[in-house]
Amino acid sequence: MNIVILLGAPGSGKGTIAGRLAAEHPELRHVSSGDLLRGAVAKGTEAGKAAKAAMEAGQLVADELIATMIKDVIAETTGDVTMLLDGFPRNVRQAEILEAIGAPVKSVVLVDVPDAVIADRIAGRRTCPQCKAGYHIHALPPKVEGVCDKCGAKLVIRKDDNPDTVKDRLQVYHAQTEPLIAYYEAKGLLRKIDGDQGPEKNAAAFFAVM
Ligand code: ADP
């Protein structure tokens, strides 16, 4: 097993890239920290209860809480698999935890998108609560409005995708996550793609450098 980390702002499209690639390549597995946390909140587990308020405010949940979930997923993953790790690590401390457990990080790919593009993208974002497929009302609309192409569930707007929370999430990204660019650059692991080329080209560019 090895790991490719996706680095990028909320709304950079890293989740869409990982989802597309995992659907095309059986050896790739998409692991999204946000999906793990939303799953825990929906189930009402202790971790979910502890994470809920921070998530709704657009702040990071406690490092230990999400790190434990990620460690469990890594421990369960064996064989010839490349994990596309989306949303973790989110700050330098989490990167150090990942390193301390000896996770085999092969590369870190920055999905680069200007802030102005991001605000518009998040405003149009729609998500399938059942199979986690992502859509956008203009850039990537479902075949039938409001309905998931893949599983037929009714699409939703994520609770933290409102403009005020998005502003907070972008601030958190710049202050806490962006330092990871230099952190991984110093380790010689960083690659970068232009994340503003449309979903298909973004995914192809990612696959080419990962
Ligand atoms: P996005 O990348 O679009 O902001 P995610 O689905 O990755 O959304 O994350 C949603 C929320 O889950 C974050 O705003 C944060 O509260 C929490 N979260 C996800 N990953 C982490 C992490 N690695 N550390 C702390 N909080 C996290």
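Visitor: Is Tyr135 buried or exposed?
Guide: This is a predicted model, where local features need pLDDT of at least 70, side-chain atom pairs count only at pLDDT 80 or more, and totals for chains, interfaces and linings use all residues. Residues are numbered from 1 along each chain as its sequence is written, and side-chain values use heavy atoms, with hydrogens and water left out. Buried means under 20% relative accessible area, exposed over 50%, and partly exposed in between, with a 1.4 Å probe and protein chains only. The relative accessible area of Tyr135 is 8%, so Tyr135 is buried.

Visitor: In which strand does Tyr135 lie, and which residues does Tyr135 touch?
Guide: Helices (H or I, at least four residues) and strands (E, at least two) are DSSP runs, numbered from the N terminus. By that numbering, Tyr135 lies in strand β6. Contact means heavy atoms within 4.5 Å. Not counting residues up to four places away in sequence, Tyr135 touches Gly124, Arg125, Arg126, Leu140, Pro141, Pro142, Cys148, Asp149, Lys150 and Leu155.

Visitor: Where does Lys132 lie, and what is its phi?
Guide: Lys132 sits in the loop between β5 (125–127) and β6 (134–136). With 41% relative accessibility, Lys132 counts as partly exposed. Lys132 is a residue other than glycine, yet its phi is positive, near 75°.

Visitor: What is the relative accessible area of Val156, and which residues is Val156 in contact with?
Guide: The loop between β6 and α7 (163–177) holds Val156. Its relative accessible area is 36%, so Val156 is partly exposed. Leaving aside neighbours within four places in sequence, the contacts of Val156 are Arg126, Thr127 and Pro129.

Visitor: Which residues in the largest nonpolar core touch the most other members?
Guide: A nonpolar core is a set of buried Ala, Val, Leu, Ile, Met, Phe, Trp, Tyr and Cys residues joined through side-chain atoms within 4.5 Å. The largest such core has 51 residues, and those touching the most other members are Leu37, Leu84, Leu85, Leu98, Tyr184 and Phe206. Helix α4 (residues 63–76) gives the most to this core, namely 7 residues.

Visitor: Which residues is Leu84 in contact with?
Guide: Here, neighbours within four places in sequence are set aside. The contacts of Leu84 are then Val4, Leu6, Ala18, Leu21, Leu28, Arg29, His30, Val31, Phe206 and Met210.

Visitor: At what angle do the axes of α1 and α9 cross?
Guide: Axes are lines fitted to C-alpha atoms, for helices over the stretch in contact, and angles run from 0 to 180 degrees between N-to-C directions. Angles under 35 degrees count as roughly parallel, over 145 as roughly antiparallel, 65 to 115 as roughly perpendicular and the rest as oblique. The axes of helix α1 (residues 14–24) and helix α9 (residues 199–209) come within 9 Å, and their crossing angle is roughly 75°. That makes α1 and α9 roughly perpendicular.

Visitor: Which residues in α1 meet α9?
Guide: On the α9 side are Pro199, Glu200, Asn202, Ala203, Phe206 and Phe207. The residues of α1 that meet them are Ile17, Arg20 and Leu21.

Visitor: Where is Ala22 found, and which residues does Ala22 touch?
Guide: Ala22 is found in helix α1. With a relative accessible area of 22%, Ala22 is partly exposed. Its C-alpha atom is separated by 9.2 Å from that of Met83, 61 residues apart along the chain. Not counting residues up to four places away in sequence, Ala22 touches Leu28 and His30.

Visitor: What kind of peptide bond joins Phe88 and Pro89?
Guide: Pro89 has its place in the loop between β3 (82–86) and α5 (92–100). Omega is about 0° for the bond joining Phe88 and Pro89, and that bond is cis.

Visitor: What is the radius of gyration of the protein chain?
Guide: The protein chain has 9 helices and 7 strands. The radius of gyration is taken over C-alpha atoms, and the globule rule is 2.2 Å times the number of residues to the power 0.38. For 210 residues that rule gives 17 Å, and the chain's value is close to it, so the chain is as compact as a globular protein of that length, with a radius of gyration of 16 Å.
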